[in-house]
Amino acid sequence: MKKLLSIFAVTVFAFSANAGTLDDVKNRGFLKCGVTTGLAGFAAPDDSGEWAGLDADMCRAVAVAVFGDRSKVEFITTTGKSRFPTLASGEVDMLARNTTWTISRDVNLGFEFVGVNFYDGQGFMIPSSLGVSSATELDGATVCIQTGTTTELNLADFFRLNGISYEALPIETNDEGKENLFAGRCDVYTTDASGLSSTRAAAADPGKWLVLPEIISKEPLGPLVRHGDHQWGDVVRWSLNAMIIAEELGVSSENVDAQKSSNVPEVLRLLGVEGSYGEMLELAPDWAYQIIKQIGNYSESYEANVGPDTPLEIARGLNALWTQGGILYAPPFR
Amino acid sequence: MRSNLNFFSDEKFRSIFFQTLVIGLFALGIYFVVQTTGYNLEKRNIATGWRFLSDPAGFDISFSPFINFKSTDTHLDVYFVGVLNTLLVSFCGCIAATILGFLVGIIRLSSNWLLVRVAYIYVEFTRNVPLLLQIILWYSILIQLPRVKQSLEFLDTFFISNRGIYSPRPVFETGFSYVFIAIILAFISSFIIRRWAKKRQDETGKQFPVLSSAFGLIIILPLLLFFIIGSPMSFDYPALKGFNFKGGMVIRPEFIAMFLALTIYTAAFISETVRSGILSVTKGQREASASLGLKKSWIMRLIIIPQALRVIVPPLTSQYLNLTKNSSLGIAVGYADLVHGFGGISLNQTGQAIECMVIVMATYLTISLTISVFMNIYNRSIQFKEK
């Protein structure tokens, strides 16, 4: 009996010993990153089947920081509902999945948001033929809404506040929302404005759809990890910060090699020429250099995935650097 | 050593020993799971407890025919809305599946070649295609119906679109309660008449037209009263206002898809049960009753069905249980049942996965056991009573 109990005890220990995600990832040889089931511009397979997007770049940046290789990442799709259990159970090492940073998720669910990679807000999309120009005119409309999201709660608040009624049509994925909206089962689709732009870009005739001007919420979207593993949290946090700082310092994938001989001290620290920041994070000395070399700085990732030249056509807006009228700001690299 | 061996060769001791061992291992297993879960939850800083049940839900549920749900109501209210929606679709499904199942089962034993073939194809097709696909198929068909502005309309009262079927809603005015009381009285008196007629038939052999008199009592009496006191009922007609129809009643496509899929799928199984039940009654019973000069419809009603029911009811019970549990697939089309609302949205908004799942599972268990209890009582009442 004693032996049996000790076997159980060992198993319990083995099951629960999950501190040290960084070591787990290194031992495994690749990063497991939770992303959406497909949201163009953020994380969706491109024409060649490669995952692409702002969130996908976030995953790749972490993989580069750990392995120096952008391909060492396995993308695991999660729905709005499955994302948190997937992360909590250790099935993925991190989430980069259009997830809004809220107090209850940060505190009660046992996660840690490491930063914001996209400042978003909730909007409404309607067929332009409806002739509606403001969300307050939506009294009585049927609204498609992804369940288990903050947008679901904002929606209820917004209609309550304005004293107008609506019918919620709960859906699970962005694709389901698209299908129901295009079929006319619902009048309005509401989600983060970036998601609406992505959905509109995917429509057969984008001109037939209108994103209403109201933004009814703050939706800071960012990568998150399990609470309590600070070392791993730091790796993800500074992978994101490195991309933002690189943009601020004017370091891009094209000039990164030349910048190694820059005379700006922070550039030298960032690229691992001076200081031992890589060692502090238990990463290679040139981890940030590799991120910039292989992925690019924040601006490059933004412009390639969601910027004005992409089908999503989202201007930088809030997501511009703090020096350029936005609120994108990373702590100093020292 | 020898005495030890003897101990184990004692059948009674052996059986007690192994049973205790199995129970012990089972208890240990449960203990292990509970301990590990608790330990891991604590380690990951996930708060546990039931407090979230009284927190406001914060989201809306549109399909709530019984409770007027608002986003300020609690997660516990979400639970009740879910339970009622689960019961609604299960109840409607069980009734419709029983009727359709009996019909198809009897058709498959008829002598009409075409009908038999059609019934056969229906049963084989629906039984062998996963239910989830059938639900999604029905839903996909339903959302291809015309949009709300181009609704199909019938007599300006019924409207069909991909938002559902709108129909007038009866509005009961003062005085309607008399009609309601009359209906209840009619039911009670029909019941008394039935008992009296049975007793008289047992004693004298004379028959009384129970069915037609009950029909007269239940339908015609309240209807007469209704008109005498001046039709105290009006209708609220649906009308297209703004984005949607306002007023009237609506049956949503999510409900229709679930109802159709569950009914059609389960009825195929029930029809096979019914067929086997009828076939289990020996040919001699039929011949014997025919030789007594009974009418054909009487033979079915008085001789065949009562005996067939003994075979039909136990598997029928498990079909009812299956249907109820299968209603949890409503999540695929956004039908606001227990799993979708409380076990899905509440779970996800609060993060209390284990608590929500325990409640949902306990609820299904309770519903299933309740169905079983009633079906077992019914089963006992139709069993062959040995004199």
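**Pairing of strand 11 and overall fold of chain A**

In the predicted model, A:Met125 stands opposite A:Tyr189, a residue of strand 11 of chain A. Strands are DSSP runs of E with at least two residues, and helices are runs of H or I with at least four, both numbered from the N terminus. Strand 8 (residues 122-127) and strand 11 of chain A run antiparallel and are joined by four bridges; two strands are taken to pair if DSSP finds at least two bridges between them. A:Tyr189 in strand 11 is also the residue that A:Cys144 stands opposite. Strand 9 (residues 141-146) of chain A runs parallel to strand 11, with three bridges between them. Strand 11 itself spans residues 188-192 and is mostly covered, five of its five residues being buried (20 or more other C-beta atoms within 10 Å of the residue's own, with C-beta atoms placed from the backbone).

Across chain A, the secondary structure comprises 14 helices and 14 strands. Of its 334 residues, 51% are buried. Of the contacts with a separation of 6 or more, 72% are between residues 24 or more positions apart, a contact being two C-beta atoms, placed from the backbone, within 7 Å. Along the principal axes, the C-alpha atoms fill a box of roughly 70 × 60 × 40 Å.

Residues are numbered from 1 along each chain as its sequence is written, and chains are lettered from A and ligands numbered from 1 in the order in which they are written. Because the model is predicted, local features need pLDDT of at least 70 and side-chain atom pairs count only at pLDDT 80 or more, whereas totals for chains, interfaces and linings use all residues.

Notes
A residue is buried if 20 or more other C-beta atoms lie within 10 Å of its own, exposed if 12 or fewer, and partly exposed in between; C-beta atoms are placed from the backbone.
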